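Thanks for coming. I will go through one structure today, starting with the overall layout and then a few residues. Please have a look at it first.

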Amino acid sequence: MQNTVESAKSGTISLLTGLLGVYFTASMWVELQDSLGLLIGAPLAVVVTTTMLIIFQSKKQQKEINLNGSYDLNESFLNENTDPLGAQKGRNPVMFIVLLYLFVVVMNEAAGTGLLFN
């Protein structure tokens, strides 16, 4: 039972980290598009940022293909029997992570660079 709870906490932390990454990526692309819109016009800014995103994703995918799907080169501390987030049982402070990420998003929005309150 304890292992299931720790696994759920690890999964929640992973999900929150992924969502924070998506939020910041989307925020960055919106800011880039707005800035380019001021320089070269909104329609051309959409074309430029879309092209940049396609090139970025293509290079990222090509890099992953070159690794042959093996991520052990970058994360050599992992093995098949170790859950990286569950390695220290009882040390997954989910509520602290939620509050920390919420604080980061609120500060980003307060600075005017977020997605929610533009």
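A word on terms: helices (H or I, at least four residues) and strands (E, at least two) are DSSP runs, numbered from the N terminus. This is a predicted model, in which local features need pLDDT of at least 70 and side-chain atom pairs count only at pLDDT 80 or more, while totals for chains, interfaces and linings use all residues. Residues are numbered from 1 along each chain as its sequence is written, and side-chain values use heavy atoms, with hydrogens and water left out.

The chain has 3 helices and 0 strands, in the order α-α-α from the N terminus. Of its 118 residues, 16% are buried, where buried means under 20% relative accessible area, exposed over 50%, and partly exposed in between, with a 1.4 Å probe and protein chains only. Take contact as heavy atoms within 4.5 Å. Among contacts with a separation of 6 or more, 63% join residues 24 or more positions apart.

Now the inside. A nonpolar core is a set of buried Ala, Val, Leu, Ile, Met, Phe, Trp, Tyr and Cys residues joined through side-chain atoms within 4.5 Å. The largest one has 7 residues: Ile13, Leu20, Tyr23, Val94, Ile97, Tyr101 and Val105. Helix 1, residues 2-40, and helix 3, residues 94-110, each supply at least two residues of this core. Helix 3 gives the largest share, 4 residues. Leaving out residues up to four places away in sequence, Tyr101 touches Leu16, Thr17 and Leu20.

Next, helix 2, which spans residues 42-66 and contains Thr49. Is Thr49 buried or exposed? Thr49 counts as buried, because its relative accessibility is 5%. Beyond its neighbours within four places in sequence, Thr49 is in contact with Trp29, Leu32, Gln33 and Leu36. A polar atom of the Thr49 side chain also lies 2.9 Å from the backbone oxygen of Ala45.

Last, back to helix 3, where Val98 is found. Val98 has 30% relative accessibility, so this residue counts as partly exposed.

That is the tour; questions are welcome.

Key. Polar contact = N/O pair within 3.5 Å; in protein donor to acceptor, adjacent residues only side chain to side chain.
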